[in-house]
Amino acid sequence: MSTAEARIAVLGLGYVGCVTAACLAKLGHRVTGVDRDEFKVSSVLAGKAPFYEPGLEPIIAEAVAAQRLFATPDLSAALQDADVALICVGTPSESNGNLGLGQLRRVSEEIAGLMQGRSRRLIIAVRSTVFPGTCEQVVATAVAGHPSVRIVSNPEFLREGTAVRDFLEPSLLVVGGDDTEAVGFVADLYRELPIQPCLVTLRTAEMIKYACNCFHALKIGFANEVGTLCTSLDIPAVEVMQTLCQDVKLNVSAAYLTPGFAFGGSCLPKDLRALTYRAGRMDLKLPLLENVLPSNEQHLQRAIRAVLGLPAERIGIFGLAFKENTDDLRESPVVALIEHLLGKGRDLRVFDPHIKLEEIYGANRQFVLNALPHIGKLLVPSLTDLTGWCDHIVIAQKPSPAFDAQLQAGGKPRLDLVRL
Ligand SMILES: NC(=O)c1ccc[n+]([C@@H]2O[C@H](COP(=O)([O-])OP(=O)(O)OC[C@H]3O[C@@H](n4cnc5c(N)ncnc54)[C@H](O)[C@@H]3O)[C@@H](O)[C@H]2O)c1
């Protein structure tokens, strides 16, 4: 099977399906769009877009005229010689917020009903946004392990209003699945586009789409809360955010976007507290910013529960400062973690490459001695001392490559809080 001119059935000719069908036809594939809605089918057949989307109509018209794009309400006809069924049906919200999977269930059952007696391979690629596990639970269950079917997740990232440009100049291309050949085939459909595909598992692909959309929503919420505060303070909000975006090392970058341990230190908690306190005094509600510290506290509590759940009698903790390469202990989440563990009567020792109690002084020393008066008895001078004493290691700070190698060589079971 070659992807040079793949035969693709696009199921659902809504905003996503119609743009996908037209653009895949533009890339040289032979595409049949399927929709229960006769208007959408007849629009496409007439070379017209069934809704307004800049640049879409000429692509549909050209592809229909070139006989690379067809449309039909008949799924059976579309699937007959298809290599790929690209599911683009709607997944609207239900009243309780859950994802409405009615359209996906129905179309999966319709496909399953047409698979009897089929020996030709069919890749079902799910482009609709679905919660992780849905491809397995809904689509795979419907086709019930039919030997000719492969299931792939291929989430869509286009935005209405710039959908054609987003398709042709994608920001991300994700294809997930267990069958390497099927994943490669779907990724190859887009080979003319200026993007390298990210090949992942089925559930990872489903999750990436949610992570992206939630991140975008978070960014907008953040900008609007900062903007609201700026406006109340008579500070130009756009200038503040545009300047923030000039920092492409720490602000608009991958920095701080790796899941790990809770944050702490002498700046982030203090500044969040001060900003939300002052906003509150101005009667401004900034729920996103107000909930960052509670979110961080929840994350710390999860770590505490995970450590308490270890079948450990002697816990060795790597790291005490709030991050690597510093001896600053102020508001270190590790200090809070140790406080909890000691409170629960756990036996533990701590090693931090940069902490020597006799060398730290001032607010830093006061903070740790207030929280952990007996820290002097818990600190050990070397990692070898720690791994030699403990039966479990908790990594609470990113180790250097040398310490990482030593931790692995130590052979003790590890709970890594910084590299989830
Ligand atoms: N709209 C966006 O900007 C966007 C972007 C990325 C991802 N998504 C996701 O893509 C999916 C589709 O979104 P949309 O906005 O295109 O939805 P939509 O409601 O515009 O289109 C869905 C289409 O599927 C058709 N359909 C439903 N069941 C069918 C069946 N059994 N057979 C044939 N056709 C059927 C409907 O008639 C409709 O035309 C959703 O999961 C959505 O979350 C949307």
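Let me start with the ligand, which is surrounded by 26 residues, the closest being Gly12, Gly14, Val16, Gly90 and Ser128; a residue is near a molecule here if its C-beta atom, placed from the backbone, lies within 6 Å of it. Please keep in mind that this is a predicted model, in which local features need pLDDT of at least 70 and side-chain atom pairs count only at pLDDT 80 or more, while totals for chains, interfaces and linings use all residues. Residues are numbered from 1 along each chain as its sequence is written.

Staying with that shell, helices α1 (15-26) and α5 (102-113) each supply at least two of its residues, and α5 gives the most, with four.

Now to the chain as a whole, which holds 18 helices and 12 strands. The chain is divided into domain 1 (7-202) and domain 2 (295-416), with bounds that come from an automatic or database domain assignment, and the centres of the two domains, taken over C-alpha atoms, are separated by 50 Å. The C-alpha trace spans about 80 × 55 × 40 Å along its principal axes. The radius of gyration of the chain is 27 Å, whereas a compact globule of 420 residues would have one near 22 Å; that radius is taken over C-alpha atoms, and the globule rule is 2.2 Å times the number of residues to the power 0.38.

Of the 420 residues, 34% count as buried, and a residue is buried if 20 or more other C-beta atoms lie within 10 Å of its own, exposed if 12 or fewer, and partly exposed in between, with C-beta atoms placed from the backbone.

Which residues are buried in helix α2 (residues 38-45)? They are Lys40, Val41, Ser43 and Val44, and they lie on the same side of α2 because they cover an arc of only 165 degrees around the axis, an arc of the directions from the helix axis to the C-beta atoms. The face turned away from that buried side carries the exposed residues Glu38 and Phe39. What covers the buried residues of α2 includes α1, β2 (30-34), α3 (56-65) and β3 (69-72), and just after α2, glycine 47 takes a positive phi of about 75 degrees.

Helix α8 (residues 180-188) has Ala182, Val183, Phe185, Val186 and Ala187 buried, and these pack against strands β4 (84-87), β5 (122-126), β6 (149-153), β7 (174-176) and β8 (198-200).

Finally, a loop position: glycine 260 lies between α10 (237-246) and α11 (268-281). Is glycine 260 buried or partly exposed? Glycine 260 is partly exposed, because 16 other C-beta atoms lie within 10 Å. Leaving aside its neighbours within four places in sequence, glycine 260 is in contact with Val418, Arg419 and Leu420, contact meaning that the C-beta atoms of two residues, placed from the backbone, lie within 7 Å. Glycine 260 and histidine 299 are 39 residues apart in sequence and 9.3 Å apart in space, C-alpha to C-alpha.
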